Amino acid sequence: MVKKTTDGIIINIRISPNAKKNEIIRDGEIIKIKIATQPIDGKANKTLIEFLSKNFKIPKTSIKILKGETSKEKTILFMTQDPEKLNLLNKTFAQ
């Protein structure tokens with residue numbers, strides 16, 4: 001699910017830690033993000049934010065985990081109003 005807000009875009013994802021490599025996969029309506037870090041002491045969350053920041057060229061400080069800090073199901077907020085970045089996020093996550 002992709003939801004536009006006044007702050008930016010909110011997406012729901014399912015994280016798969018301890019993967020071979022970092023990647024984004026669409027599985028029907030579910031967005032899966034594989035992270036090559038173990039979910040110990042928040043390391044997978046940190047890697048997730050770094051991966052998303054690098055992929056979409058959005059500062060790490062502008063990406064927040066709204067829900068699911070300790071869960072595989074997460075709600076992520078990308079705080080940006082840049083039309084190019086919003087378009088890229090929509091292309092990647094919207095159906």
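Is Arg 14 buried, exposed or partly exposed, and what is its relative accessible area? Arg 14 is partly exposed, with a relative accessible area of 30%; buried means under 20%, exposed over 50%, and partly exposed in between (1.4 Å probe, protein chains only).

The model is predicted, so local features need pLDDT of at least 70 and side-chain atom pairs count only at pLDDT 80 or more, while totals for chains, interfaces and linings use all residues. Residues are numbered from 1 along each chain as its sequence is written, and side-chain values use heavy atoms, with hydrogens and water left out.

**Salt bridges**

Side chains of opposite charge can pair when their charged atoms come close. The whole structure contains 2 salt bridges, a salt bridge being a side-chain nitrogen of Lys or Arg within 4 Å of a carboxyl oxygen of Asp or Glu.

| Salt bridge | N to O distance |
|---|---|
| Arg 14 and Glu 73 | 2.5 Å |
| Asp 27 and Lys 32 | 3.2 Å |

Arg 14 forms its salt bridge with Glu 73. Arg 14 belongs to strand S2 and Glu 73 to strand S6, so the pair ties together parts that are 59 residues apart in sequence. Helices (H or I, at least four residues) and strands (E, at least two) are DSSP runs, numbered from the N terminus. Glu 73 is partly exposed, at 42% relative accessibility. In the other pair, Asp 27 is partly exposed at 40%, and Lys 32 is partly exposed at 26%.

**Helix H2**

Helix H2 spans residues 83-93, and its buried residues are Leu 86, Leu 89 and Phe 93. These residues cover an arc of only 65° around the axis, which puts them on the same side of H2; the arc is that of the directions from the helix axis to the C-beta atoms. The face turned away from the buried side carries the exposed residues Pro 83, Glu 84 and Lys 91. Among the elements that cover the buried residues of H2 are strand S1 (2-4), strand S4 (30-34) and helix H1 (43-56), where contact means heavy atoms within 4.5 Å.

**Packing of H1 and H2**

H1 and H2 pack at an angle of about 115°, with their axes 11 Å apart. Axes are lines fitted to C-alpha atoms, for helices over the stretch in contact, and angles run from 0 to 180 degrees between N-to-C directions. H1 contributes Leu 52, Asn 55 and Phe 56 to the contact, and H2 contributes Lys 85, Leu 88, Leu 89, Thr 92 and Phe 93. Leu 89 and Phe 93 are also among the buried residues of H2.
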